[in-house]
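I opened this notebook to record what I looked up in one structure, going from the whole chain down to single residues.

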Amino acid sequence: MYVHIGKDVVINSDNIITILDIEALEKKKKIEEVLQNLKISGNIIDVSEGNKKSLIILEKNDKILGYITNISSVTIAKRANR
């Protein structure tokens with residue numbers, strides 16, 4: 001099933017590895033550490049329009065990608081589990 005994550009972007013829910021709350025990560029100053037550990041710093045696509053709420057980590061074509069979106073992690077999780 002496909003999940004709308006903001007703007008005109010949809011992703012396949014089968015590719016989602018994890019959905020993280022950016023505000024929680026930023027409070028702990030862990031977002032850069034997470035991106036570095038996953039080695040995806042160069043593979044981030046920002047569709048948040050300046051209102052960052054969630055970081056979605058997914059695997060697509062044997063590549064790990066991250067999407068930053070303005071939709072809450074709870075909402076994305078609900079959409080992915082439909």
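The entries below follow the order in which I consulted the model.

**Basis.** I worked from a predicted model, in which local features need pLDDT of at least 70 and side-chain atom pairs count only at pLDDT 80 or more, while totals for chains, interfaces and linings use all residues. I numbered residues from 1 along each chain as its sequence is written, and side-chain values use heavy atoms, with hydrogens and water left out.

**Overall fold.** I counted 3 helices and 6 strands in the protein; helices (H or I, at least four residues) and strands (E, at least two) are DSSP runs numbered from the N terminus. Read from the N terminus, the order of elements is β-β-β-α-α-β-β-β-α. The radius of gyration is 12 Å, close to the 12 Å that the globule rule gives for 82 residues, so the protein is as compact as a globular protein of that length. I note that this radius is taken over C-alpha atoms, and that the rule is 2.2 Å times the number of residues to the power 0.38. Along the principal axes, the C-alpha atoms fill a box of roughly 30 × 25 × 20 Å.

**Surface and contacts.** I recorded an accessible surface of about 5,300 Å², of which 45% belongs to carbon and sulfur atoms; the areas come from the Shrake-Rupley method with a 1.4 Å probe, and for residues only the protein chains shown count as cover. Buried residues make up 34% of the 82 residues, where buried means under 20% relative accessible area, exposed over 50%, and partly exposed in between (1.4 Å probe, protein chains only). Of the contacts (heavy atoms within 4.5 Å) between residues at least 6 apart in sequence, 46% join residues at least 24 apart.

I then turned to strand S1 (residues 2-6) and strand S2 (residues 9-12), which pair in the antiparallel sense over 4 bridges; two strands pair if DSSP finds at least two bridges between them. Tyr2 stands opposite Asn12 in S2. The hairpin leaves 2 residues between S1 and S2, and Lys7 in the turn has a positive phi of about 45°.

**The sheet.** I traced an open sheet of 4 strands in the order S3-S5-S6-S4, with mixed pairing. Its edge strands are S3 (16-21) and S4, each of which pairs on one side only. Neighbouring strands of this sheet are turned by 20° against each other on average, direction ignored. S3 and S5 pair in the antiparallel sense over 5 bridges, and Asp21 has Ser54 in S5 as its bridge partner. Helix H3 (residues 73-80) lies across S3, S5 and strand S6 (63-69), and runs at about 155° to S3. For such angles, axes are lines fitted to C-alpha atoms, for helices over the stretch in contact, and the values run from 0 to 180 degrees between N-to-C directions.

**Ser54: buried or exposed?** I found Ser54 in strand S5 (residues 54-60), and it is buried because its relative accessible area is 0%. A polar atom of the Ser54 side chain lies 2.6 Å from the backbone oxygen of Ile71. Beyond its neighbours within four places in sequence, Ser54 is in contact with residues including Leu20, Ile22, Tyr67 and Ile76.

**Two buried loop residues.** Ser48 lies in the loop between strand S4 (44-46) and S5 and is buried at 0% relative accessibility. Leaving aside neighbours within four places in sequence, I listed Ile68, Thr69 and Asn70 as its contacts. Ser48 and Lys7 are 41 residues apart along the chain, with their C-alpha atoms separated by 8.0 Å. Ile40, in the loop between helix H2 (31-38) and S4, is likewise buried with a relative accessible area of 0%. Ile40 and Lys63 are 23 residues apart in sequence and 9.1 Å apart in space, C-alpha to C-alpha.

Most residues other than glycine have a negative phi. Glu49 is in the loop between S4 and S5 and counts as exposed at 60% relative accessibility. Asn61 is not a glycine either, and has a positive phi of about 55°. Asn61 lies in the loop between S5 and S6 and is exposed, with a relative accessible area of 71%.

Definitions and conventions. A polar contact is a pair of N or O atoms within 3.5 Å; within protein, one must be able to donate a hydrogen and the other to accept it, and residues adjacent in sequence count only if both atoms are side-chain atoms.
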